[in-house]
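Q: How do I read the features of a model like this one? Please take me through them step by step.

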Amino acid sequence: MKNINKLLFSFLFVFAFMAVDSSASAQTNADLSPTRKRAIDSLALEKVKDLSRYISLIGNKSTQYSEAMRVIDRAMELFSDGAEMGVSSVNSKAIRYYGVRKYFDRLMALNYDQVEIDWFNIQYISDLEKQPDGRYVGVITIFQRFTGKSADGLVQYSDVTKKDITVYVERKKTIIAGREIGFWDVLLGDVRVSETKRN
């Protein structure tokens, strides 16, 4: 029920954008008003929090395979095409980047009996700025706490990683009841590793 309410909220949120924006549907390079920008900021942060919950579920060894697959599909909808996810370890200076779906597949296959992942201190570090192509781009930073445990609950590996997530806000159009409606779409881009420390 909670997920259904969340979906309903997201739909109404986006629809509100579409309805309010209908008078500007002919524009292809529209500007964001301060009020709309604040609303889009909130939507982008909400999507990052959704991703946090999805990653926690995908990595959790208690999550059934079919449910993990469903969650991966939902998570993929958050990203722009070609987005990559950074992976790091305190045992190596190397940072590897994978396509988002491959990252999720690897996350499910981690060789721990228990995996706990939580994100905290989620906030903008770079305000949305308009690009020459009309899109707006910003960066949201998060801190990820990762813990891998054995079957008896002993911690085998733990770290805290700071990650920067690129956010794209694009002007799009759709047709509703024969009428062209403009709206702003929010998608996540690359997730870059900034630093990794022992927890």
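Predicted model: local features only at pLDDT ≥ 70, side-chain atom pairs only at ≥ 80, totals over all residues.

Q: What should the span of helix α3 be, at 1.5 Å a residue?
A: The expected span is 1.5 Å times one less than the number of residues. The twelve residues of α3 should therefore span 16 Å. The end C-alpha atoms of α3 are 16 Å apart, which agrees.

Q: Which residues of α3 are buried?
A: Ala68, Val71, Ile72 and Ala75 are buried in α3. Viewed down the helix axis, the buried residues of α3 fall within an arc of 105 degrees, so they line one face of the helix. Against what do they pack? The partners are α2 and α4 (100–108).

Q: Where is Thr63?
A: Thr63 sits in the loop between α2 (34–59) and α3 (65–76). The cut-off for buried is under 20%. Thr63 has a relative accessible area of 17%, so it is buried.

Q: What does Thr63 contact, leaving aside its neighbours within four places in sequence?
A: Thr63 is in contact with Leu57 and Ala68, once those neighbours are set aside. Ala68 is one of the buried residues of α3. A polar atom of the Thr63 side chain also lies 2.7 Å from the backbone oxygen of Leu57. For a pair 45 residues apart along the chain, take Thr63 and Met108: their C-alpha atoms are separated by 9.5 Å.

Q: How far is Lys163 from the nearest side chain of opposite charge?
A: Lys163 is found in strand β5 (residues 155–176). Lys163 is buried yet has no salt bridge. The nearest side chain of opposite charge, Asp159, is 8.0 Å away. The salt-bridge cut-off is 4 Å.

Q: Which backbone oxygen lies 3.2 Å from a polar atom of the Lys163 side chain?
A: That backbone oxygen belongs to Gly86. Gly86 is also among the contacts of Lys163 outside four places in sequence, which include Tyr103, Ile140, Val191 and Arg192.

Q: Which side chain joins that of Asp185 in a polar contact?
A: Asp185 lies in strand β6 (residues 179–198). Its side chain and that of Lys172 are joined by a polar contact of 2.9 Å. Not counting residues up to four places away in sequence, Asp185 touches Lys47, Tyr168, Val169, Glu170 and Lys172.

Q: What is phi of Asn121, and what is phi of Ala177?
A: Check for positive values in residues other than glycine. Phi of Asn121 is near 50 degrees, and Asn121 is not glycine. Asn121 is found in strand β3 (residues 114–130). Asn121 is partly exposed, with a relative accessible area of 46%. Phi of Ala177 is near 55 degrees, again a positive value in a residue other than glycine. Ala177 is found in the loop between β5 and β6. Its relative accessible area is 85%, so Ala177 is exposed.

Note on methods
Residues numbered from 1 in each chain as written. Heavy atoms only, no water. Helix = DSSP H or I, 4+ residues; strand = E, 2+ residues; numbered from the N terminus. Buried < 20%, exposed > 50% of the residue type's maximum accessible area, 1.4 Å probe, protein only. Contact = heavy atoms within 4.5 Å. Polar contact = N/O pair within 3.5 Å; in protein donor to acceptor, adjacent residues only side chain to side chain. Lys, Arg positive; Asp, Glu negative; His and termini not counted. Arc of directions from axis to C-beta.
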